[in-house]
Structures are given as C-alpha cells and as structure tokens.
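Let's work through some exercises together, one step at a time. Keep the picture in view and try each task before you read its solution.

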Amino acid sequence: MGVILINVSPESIDKKVILGLIDEQIYKLGKITLDEKKVIIIIGLTLLLWSTQQLHHLSIPLIGLLGAALTFTPLIGVWKWDDAKKSIDWDMILFFASTIMVSGMLINTGTVGMIADILVTNISLESSFAVLLILVCCTAILRIIFVNILGFLTIVLPLAITIGETIPNLSPLLVTMAVFLAGIPGFLLITQSPVHLITYSYNYFTEKDLFKIGGVSMIIWSLIIVVTTSTYWKII
C-alpha cells in the first residue's frame, strides 16, 4: 500500500461530501425490491452450503454453480439465461476453471511428487536461508502463470511440505507458511487478481503501472517473508 501511495498520489477527499453522497444514493435506492430479496436468499443459501461443506460433502465449485443457476431459475431467479450469457465474462471463468483442472491433473498424475523429488535432489545448499529464498522467488514467479490462487496453492503447498522436510533448521510448517504467503498476492499482472480486474476497468492505472509498482512490492514482500521465517517465526 505504501508503494502505491508513493507512485499514485491520492486525491484530496472531503469525508463529509463522500458520506453525503453515500446517504443520498441509499435514499434513492428506496425499499428492498422482490428481486433483491431473492438475491439475498440465494447468496445466504450459497454461503450456508459453503460453510457446512463438511456435512453434506458437496464440492465448493458445485455449490457455486448451484447458486449461479438459481439466479436464472424460473420463479426463483432474477434474470433470464439469455441475459446471463451476455452479461458474464465466460472467457475469464473458463480461464479460471482451466487452471483448477491443470492443478488436479498435476496432483493426480504424481507430477507434484516428481517435481519435489527433483528439487530435493538438486538443491544442495547448506544455508536454509538461501534455500528458502529460492523457494519464495520460484513461488512468486510461478504465481504469474496461474490465475486461480486455489489451483495454484493445491500444487505448491504439497511441494513445500515435501521440500520442507529436507531443509535443516526449518520445519515443513514454516516452509509451507512462507510459500503460502509468497503465492497469495498477485502483484504483477491484471489477471492475477479479481481485485485488479475490477479496479483496472476504471482506467485509473495501466498494466505498466501495475507491473512497475508490483515488481517493487514483490521484492519487498519476498524479503519480509524470508527474514521473518528465518528469525521471528522460528522463535515463536
């Protein structure tokens, strides 16, 4: 956030004006309509099924598809399928879905285990700090390829646990935590984060701006992870 504020100065904002605009828009919305009530019920049902997944064992993607299907189901839904086809960016959804499929394929075929064996065999550095730095940097680079963070983590976390068992002076838990934190942010590309996709649509910054700011942020974030893992986390 600090890097963003330095490179892109925020405009001077009067808080009272903003609060007044919010209150004005809320007043214009009026009472909750029938369609809005339906959406609230559908979202509530989806969240309920998601939070109780361990009881009914329905997959998270299936629950999401069920919630989406309810929005255009006759009598229950709030719009028609023809409108849904035009309004939703299906290319991006398919792109996200493909990354999940690739993740499952790599795990089911044993590719993740093979990669872990290769890395463990070839990484012969005695310094745990150097090994951890290499893993964090590799994770940040691989994150560029994978858009879906859940699919990405299903690949790298088992890999981190396997490698963590071979690193001296570091437990697999610490290595997994470091890799997890390195893989969560999408600093460099618009497609790495739904937040980037939303904010980029307002044309307030360019892809070049994000790459420049994200590059600095990624370096700082990687160093913070490696230093804290090697020192503070080991103490606590």
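**Exercise 1. Find which side chains meet in a salt bridge, and work out how they are placed in the helix.**

Step 1. In this predicted model, the side chains of E24 and K28 meet in a salt bridge, with 3.4 Å from N to O.

Step 2. Check the distance against the rule: the nitrogen of a Lys or Arg side chain must be within 4 Å of a carboxyl oxygen of Asp or Glu. The E24–K28 value of 3.4 Å therefore passes the 4 Å limit.

Step 3. Look at the spacing. E24 and K28 both belong to helix α2 (residues 15-29), and because they are four residues apart, about one helical turn separates them.

Step 4. Count. By this rule the structure has one salt bridge. As background, side chains of opposite charge can pair when their charged atoms come close.

**Exercise 2. Decide whether the aromatic pair of F72 and W81 is stacked, tilted or edge-to-face.**

Step 1. The structure holds one aromatic pair. F72 and W81 form this pair, with 5.0 Å from centre to centre and 50 degrees between the planes.

Step 2. Use the cut-offs: planes under 30 degrees apart count as stacked and those over 60 as edge-to-face, with the rest tilted. The angle for F72 and W81 is 50 degrees, so the pair is tilted.

**Exercise 3. Is T229 buried or exposed, and which residues does T229 touch?**

Step 1. Locate T229: its place is in helix α13.

Step 2. Buried means under 20% relative accessible area. T229 has 0%, so T229 is buried.

Step 3. Beyond residues up to four places away in sequence, T229 touches L132, L170, L174, A178 and K234.

**Exercise 4. Find where H57 and L75 lie, and say what phi each has.**

Step 1. H57 lies in the loop between α4 (53-56) and α5 (60-70). Although H57 is not a glycine, its phi is positive, about 65 degrees.

Step 2. L75 is found in the loop between α5 and α6 (81-87). L75 is not a glycine either, and has a positive phi of about 75 degrees.

Step 3. H57 is exposed, at 62% relative accessible area, and L75 is exposed at 81%.

**Exercise 5. How many helices and strands does the protein chain have, and where is confidence lowest and highest?**

Step 1. The chain has 14 helices and zero strands.

Step 2. Its average pLDDT is 77, and 75% of the residues score at least 70.

Step 3. Confidence is lowest in helix α1 (residues 2-7), with a mean of 59, and highest in helix α3 (residues 34-51), with 91.

Notes
Residues numbered from 1 in each chain as written. Predicted model: local features only at pLDDT ≥ 70, side-chain atom pairs only at ≥ 80, totals over all residues. Heavy atoms only, no water. Phe/Tyr/Trp six-rings, centres within 6.5 Å; stacked < 30°, edge-to-face > 60°. pLDDT = per-residue confidence, 0-100. Helix = DSSP H or I, 4+ residues; strand = E, 2+ residues; numbered from the N terminus. Buried < 20%, exposed > 50% of the residue type's maximum accessible area, 1.4 Å probe, protein only. Contact = heavy atoms within 4.5 Å.
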